[in-house]
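Thanks for coming. Please have the sequence and the model open while I talk.

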Amino acid sequence: MSKLINWAIAFKPLMLMYFAAGVFIMMFWDLIWGRAGSLPTVLLWQIFLAAVLLTITHLGFFPENKPFSRRDFVLHILCNYVIMAAMAFGFGWVSAATFQSAVVFTGIFAVFYAAAFTGFYLYYRELRGQLNEKLMQYKQG
Amino acid sequence: MKITIEQDVACAEPEVKITCREMDEGLLRIVAALRALDHKLSGISEGRTFVFEPDEIYYFESVDKRTFLYTADRVCETPLRLYELEGKLCHGDFFRASKSVIVNLSRIRMLNPMLGGKIEVVLENGERLMVSRQYVPMLKEKLGL
């Protein structure tokens, strides 16, 4: 039971983060192409489904108590790519499944993944620096 | 158990003397509690009792309702429960890292924040432990963050 509760506690922020990122990307995409209007409900449900699948994959394959190894990192990219590709082509976020659209999708995925990775990397590097600086100060009395 | 208290104005330092046929778990717990008051902790390993300064201890872990203390080169069982140790030590260098672990902050080499909000602790001996999300605010407070 406690494992399930722990899983639920970990699930919520991660799922919300994926969902928020999905909504942001869709809004950003509309902004780039100068489209006005609002995101349709069906699209929000699709993003929600993608967020749930990405979170389940993340928590299922990459336990929280283990830092990411290089192999985990590659696996994480692949898992996210496969799920997002299935969603993008399945729900028609990207037009017909041609070679050209696959290249466009891969490019978009790479840009956003790299941006998210860089953001998290910088945030955790800063946080690690702060924590360890305070730890050193504590140990020095 | 017979308890005798003798008051003597000439006594410079209180002395606790236990007279028994043999040490049992209850007496060991009393000794451990007295040691903790004296800022020393005792642990049993391979039938021998060892006394440690709190600074020597890296962390305490509760496994199957038994509590173990870990030093640089020894693992000992202590008769004190984790909540008792928390009460005695957590106002000092120790902090609760999870439901089953208490860690000595002065024996931590590095702290690594993890994606899910937990913090990985790397001890001076290279051992790695995890601070649960629930206890991260207490660690940060102790560090003044």
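First, the ground rules. This is a predicted model, in which local features need pLDDT of at least 70 and side-chain atom pairs count only at pLDDT 80 or more, while totals for chains, interfaces and linings use all residues. Residues are numbered from 1 along each chain as its sequence is written, and chains are lettered from A and ligands numbered from 1 in the order in which they are written.

Chain A, then. Chain A has four helices and zero strands, and along the sequence the pattern reads α-α-α-α. Helices here are DSSP runs of H or I with at least four residues, strands are runs of E with at least two, and both are numbered from the N terminus. The C-alpha trace of chain A spans about 60 × 40 × 30 Å along its principal axes.

How much of chain A is buried? Buried residues are 11% of its 141 residues. A residue is buried if 20 or more other C-beta atoms lie within 10 Å of its own, exposed if 12 or fewer, and partly exposed in between, with C-beta atoms placed from the backbone. Among contacts in chain A with a separation of 6 or more, 65% are between residues 24 or more positions apart. A contact means that two C-beta atoms, placed from the backbone, lie within 7 Å.

Next, where the chains meet. On chain A, 15 residues are in contact with 16 residues of chain B. α1 (2–32) and α4 of chain A each supply at least two residues of the side that touches chain B. The largest share of that side, ten residues, comes from α4(A). By class, the side of chain A that touches chain B has eight nonpolar, three polar and four charged residues. For these classes, Ala, Val, Leu, Ile, Met, Phe, Trp, Tyr, Cys and Pro count as nonpolar, Asp, Glu, Lys and Arg as charged, and the others, Gly among them, as polar.

Now the cores. A nonpolar core is a set of buried Ala, Val, Leu, Ile, Met, Phe, Trp, Tyr and Cys residues joined through C-beta atoms within 7 Å. The largest one has 27 residues, and those with the most contacts inside it are Tyr59(B), Ala97(B), Ile102(B), Val103(B) and Val121(B). Elements from both chains each supply at least two residues of this core, including α4 (99–139) of chain A and β3 (59–63), β7 (101–104) and β9 (119–123) of chain B. A second, separate core has seven residues, including Tyr18(A), Ile47(A), Leu54(A) and Ala88(A).

What does Tyr59(B) touch? Leaving out residues up to four places away in sequence, Tyr59(B) touches Tyr70(B), Val101(B), Ile102(B), Val103(B), Asn104(B) and Leu129(B).

Several of those sit on β7(B). Val101(B) and Val103(B) point one way from β7(B), Ile102(B) and Asn104(B) point the other way, and all are buried. β7(B) pairs with β3(B) in the antiparallel sense over three bridges; strands count as paired if DSSP finds at least two bridges between them. Phe60(B) has Ile102(B) as its bridge partner in β7(B). Four bridges also join β6(B) to β7(B), again antiparallel, and these two strands form a hairpin with two residues between them.

Further along chain B is an open sheet of three strands in the order β8-β9-β10, with antiparallel pairing. Its edge strands are β8 and β10 (128–131), each pairing on one side only. Five bridges join β8(B) to β9(B), and Ile108(B) has Leu123(B) as its bridge partner in β9(B).

Glu46(B), between β1 (41–45) and β2 (48–52), has a positive phi of about 50 degrees although it is not a glycine. Glu46(B) counts as exposed because it has 7 C-beta neighbours inside 10 Å. Asp64(B), between β3 and β4, also has a positive phi, near 50 degrees. Asp64(B) is exposed because it has 4 such neighbours inside 10 Å. Arg81(B), in the loop between β5 (75–78) and α2, counts as partly exposed because it has 15 C-beta neighbours inside 10 Å.
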